[in-house]
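Visitor: I am new to this structure. Please take me through one part of it, slowly and closely.

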Amino acid sequence: MADREHTIEVYQSFFAVARQLKRLAHQSAANLGLTVHQIGILNFLRQHPGQTQKEVTERLVYNKSRVSLQIDALALKGLVTRAVSELDRRETRLYLTDEGEALCLRYNEEAWSHKVLGEALEQFSAQELNQLIHMNKLLLLHLNP
């Protein structure tokens with residue numbers, strides 16, 4: 001069992017890493033003229049095309065009004081299209097345009113947060129990385145009741 005001192009040290013360590021990665025992610029998104037939330041929406045729609053705005057809001061745990069504004073902005077930039085559902089005419093489904101797909105892939109390839117983290121992880125063996133991933137997943141299981 002971890003003592004209070006170790007708990008605080010681990011907490012501060014995770015917080016510092018997350019803060020730095022978040023800063024780099026914001027910077028990378030801004031370099032493409034987007035926000036981190038917009039990148040999140042593009043990545044989600046890339047993996048799950050045809051979702052409704054409600055589904056995007058629920059899965060990404062973003063504020064409903066924020067998602068609406070971000071989707072409007074993405075549509076204005078020609079990165080996302082809306083299509084009325086064939087099954088339920090009251091629903092609008094969201095899809096990436098070719099430009100949205102390309103920009104999403106570009107972000108994932110060029111993002112500073114990915115590059116810097118990748119470089120930092122080079123110091124670890126494959127076994128250590130697998131152990132780190134495993135430990136993080138276990139922590140998340142216990143933190144998400």
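Predicted model: local features only at pLDDT ≥ 70, side-chain atom pairs only at ≥ 80, totals over all residues.

**The core and the pockets beside the helices**

Guide: Setting aside neighbours within four places in sequence, Leu-45 is in contact with Gln-51, Val-56, Val-80, Leu-94 and Leu-96. Leu-45 belongs to the largest nonpolar core, which has 22 residues. Within this core, Leu-42 and Leu-45 touch the most other members. At least two core residues come from each of α1 (4–31), α2 (36–47), α4 (64–76), β3 (92–96) and α5 (98–110). The largest share, five residues, is from α2. Domain 1 (1–32 + 111–144) and domain 2 (34–97) both give residues to this core, so it lies between them.

Now turn to the largest pocket. Its volume is about 1100 Å³. It is lined by 26 residues, and Phe-14, Val-17, Ala-18, Leu-21 and Leu-117 are the closest to its centre. Two or more lining residues come from each of α1, α2, α6 (112–121) and α7 (126–143). α1 gives the most, with eleven. By class, the lining has 18 nonpolar, seven polar and one charged residues. Domain 1 and domain 2 both contribute to this lining, so the largest pocket lies between them.

The second largest pocket has a volume of about 560 Å³. Of its 18 lining residues, Val-10, Phe-14, Met-135, Asn-136 and Leu-139 lie nearest its centre. The elements giving two or more residues to this lining are α1 and α7. Here α7 gives the most, with ten residues. The classes are twelve nonpolar, five polar and one charged.

Key:
Residues numbered from 1 in each chain as written. Heavy atoms only, no water. Core = buried A, V, L, I, M, F, W, Y, C linked by side-chain atoms within 4.5 Å. Buried < 20%, exposed > 50% of the residue type's maximum accessible area, 1.4 Å probe, protein only. Helix = DSSP H or I, 4+ residues; strand = E, 2+ residues; numbered from the N terminus. Domains from an automatic or database assignment. Contact = heavy atoms within 4.5 Å. 1 Å grid on protein atoms, 1.4 Å probe; cavity = no way out; pocket = protein on both sides within 12 Å on 5 of 7 lines; lining within 4 Å. Points joined across faces, edges and corners; volume = space filled by probe spheres on them. Nonpolar A, V, L, I, M, F, W, Y, C, P; charged D, E, K, R; others polar.
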